[in-house]
Amino acid sequence: MGQECIKDIVRSEIEAGWIGCNRGCEYYPCHYDGQDCTFCYCPFYPCMDKRFGKEIDRPKLGDTVWACDECLMIHDTDVCRHVMSEIKKLGITEPDDPRIMDLFAGATDIYLKKQDR
């Protein structure tokens with residue numbers, strides 16, 4: 001899926017607001033039972049944070065791509081509520097609004113603190 005398609009999906013997710021767990025989705029659960037489905041696609045992609053993914057080479061295409069398929073941060077309910085709340089508070093409507101990346105540190109803190117328990 002191309003970057004523009006992902007942006008279109010994130011734009012519709014921002015419009016929809018926080019939805020929580022969506023057991024009615026045909027793909028549920030794509031990661032784990034009880035996951036938060038507010039963001040099917042991460043608004044931080046590509047975050048380039050090596051705690052959550054890695055760059056992989058694609059020799060046939062002559063490039064690299066950010067692979068974060070094992071990252072579950074954006075499916076944590078506390079993270080989703082925080083991110084969506086801040087998006088709404090700041091009036092962000094577009095997925096390429098640079099202020100979205102300003103929310104990454106807070107989301108990371110919430111997620112990692114829960115992992116330390």
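## The Arg23–Asp33 salt bridge

Asp33 is exposed, with a relative accessible area of 55%, where exposed means over 50% relative accessible area, buried under 20%, and partly exposed in between, for a 1.4 Å probe and protein chains only. Asp33 forms a salt bridge with Arg23, the closest N and O atoms being 2.7 Å apart; the term stands for a side-chain nitrogen of Lys or Arg within 4 Å of a carboxyl oxygen of Asp or Glu. Both Arg23 and Asp33 sit in the loop between α1 and β1, 10 residues apart, and Arg23, at 53% relative accessibility, likewise counts as exposed.

This is a predicted model, in which local features need pLDDT of at least 70 and side-chain atom pairs count only at pLDDT 80 or more, whereas totals for chains, interfaces and linings use all residues. Residues are numbered from 1 along each chain as its sequence is written, and side-chain values use heavy atoms, with hydrogens and water left out.

## Other salt bridges

The whole structure holds 10 salt bridges. One of them joins the side chains of Asp49 and Arg51 at 2.6 Å, N to O; here Asp49 is buried, with a relative accessible area of 14%, while Arg51 is exposed at 54%.

Another brings together the side chains of Lys114 and Asp76, at 2.8 Å from N to O. Lys114 belongs to helix α4 (residues 104-115) and Asp76 to the loop between β2 (63-67) and α2 (77-90), so this pair ties together parts that are 38 residues apart in sequence; helices (H or I, at least four residues) and strands (E, at least two) are DSSP runs numbered from the N terminus. Lys114 is partly exposed at 23% relative accessibility, whereas Asp76 is buried at 9%.

## Backbone features of the α1–β1 loop

Most residues other than glycine have a negative phi, and most peptide bonds are trans. The peptide bond from Tyr28 to Pro29 is cis, with omega near -15 degrees, and Pro29 is found in the loop between α1 (3-16) and β1 (54-58). The bond from Tyr45 to Pro46 is also cis, with omega near -10 degrees, and Pro46 lies in the loop between α1 and β1.

Met48, placed in the loop between α1 and β1, has a positive phi near 65 degrees although it is not a glycine, and its relative accessible area of 42% makes Met48 partly exposed.

## Cys42 and its contacts

Cys42 lies in the loop between α1 and β1 and is partly exposed at 23% relative accessibility. Leaving aside residues up to four places away in sequence, Cys42 touches Val10 and Ile74, a contact being heavy atoms within 4.5 Å.
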